[in-house]
Amino acid sequence: MSYLIPLLGTPGQRRSRPPGPGREALELLRAAVADGQASPGNLAYLEDRVAVAQGEPQTYGTQVRCGAHGPVPATPIRDEAAVDSRRATAGLQPLAAYLDEMTAICAESEDQPLD
């Protein structure tokens with residue numbers, strides 16, 4: 001796990017942007033998940049964060065912004081009909097439940113990115 005700290009930061013601290021070489025960080029985190037050393041949920045967040053940074057569709061819908069009527073995905077979600085299945089596989093709650101939680105946060109903030 002210590003080999004991930006330079007790329008991902010200290011555990012328990014969040015980065016606001018993906019580390020410089022986002023794809024490299026993804027490969028390292030994928031390997032750590034495969035070895036049981038990291039959470040599939042953390043990988044889902046990083047995969048979406050890198051996709052959003054590159055203007056690509058998200059896989060898990062973890063990256064949202066506060067819109068005029070509550071949280072909205074920062075970029076479209078790939079195959080949204082199957083997103084809850086992918087989220088469950090990563091150990092994440094259903095998208096609707098996640099967006100419900102984000103609604104309270106959006107009510108307290110202006111148009112800021114959430115992660």
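Q: Which residues make up the largest nonpolar core here?
A: In this predicted model, that core has eight residues: A25, L26, L29, A32, A38, L43, L46 and V50. Both α2 (22–34) and α3 (40–53) supply at least two residues each. The biggest giver is α2, with four residues. There's also a second, separate core of six residues, and I77, V83, Y98 and M102 are among them.

Q: How do I read two packed helices, and at what angle do α2 and α3 cross?
A: Start with the general idea: you describe such a pair by the angle between the axes and the distance between the axes. Here, the axes of α2 and α3 come within 10 Å and cross at roughly 165°. Angles over 145 degrees count as roughly antiparallel, so α2 and α3 are roughly antiparallel to each other. The crossing of α2 past α3 is left-handed.

Q: Which residues make that contact?
A: On the α2 side, look at G22, R23, A25, L26, L29, R30 and V33. From α3 come P40, N42, L43, L46, E47 and V50.

Q: What about aromatic rings: how many pairs does a search of the whole structure find?
A: A ring pair is described by the distance of the centres and the angle of the planes. The search turns up one aromatic pair. Its partners are Y45 and Y98, 6.5 Å centre to centre with 80° between the planes, which makes the pair edge-to-face.

Q: Where do Y45 and Y98 sit in the chain?
A: Y45 is in helix α3 and Y98 in helix α5 (residues 95–108), so the pair links distant parts of the chain, 53 residues apart.

Q: Is Y98 buried or exposed?
A: Buried, because its relative accessible area is 3%, and buried means under 20%.

Conventions:
Residues are numbered from 1 along each chain as its sequence is written. This is a predicted model: local features need pLDDT of at least 70, side-chain atom pairs count only at pLDDT 80 or more; totals for chains, interfaces and linings use all residues. Side-chain values use heavy atoms; hydrogens and water are left out. A nonpolar core is a set of buried Ala, Val, Leu, Ile, Met, Phe, Trp, Tyr and Cys residues joined through side-chain atoms within 4.5 Å. Buried means under 20% relative accessible area, exposed over 50%, partly exposed in between (1.4 Å probe, protein chains only). Rings of Phe, Tyr and Trp (its six-membered ring) pair if their centres lie within 6.5 Å; planes under 30 degrees apart count as stacked, over 60 as edge-to-face and the rest as tilted. Axes are lines fitted to C-alpha atoms, for helices over the stretch in contact, and angles run from 0 to 180 degrees between N-to-C directions. Angles under 35 degrees count as roughly parallel, over 145 as roughly antiparallel, 65 to 115 as roughly perpendicular and the rest as oblique. A crossing is left-handed if the near helix is turned anticlockwise from the far one by less than a right angle, and right-handed if clockwise. Contact means heavy atoms within 4.5 Å.
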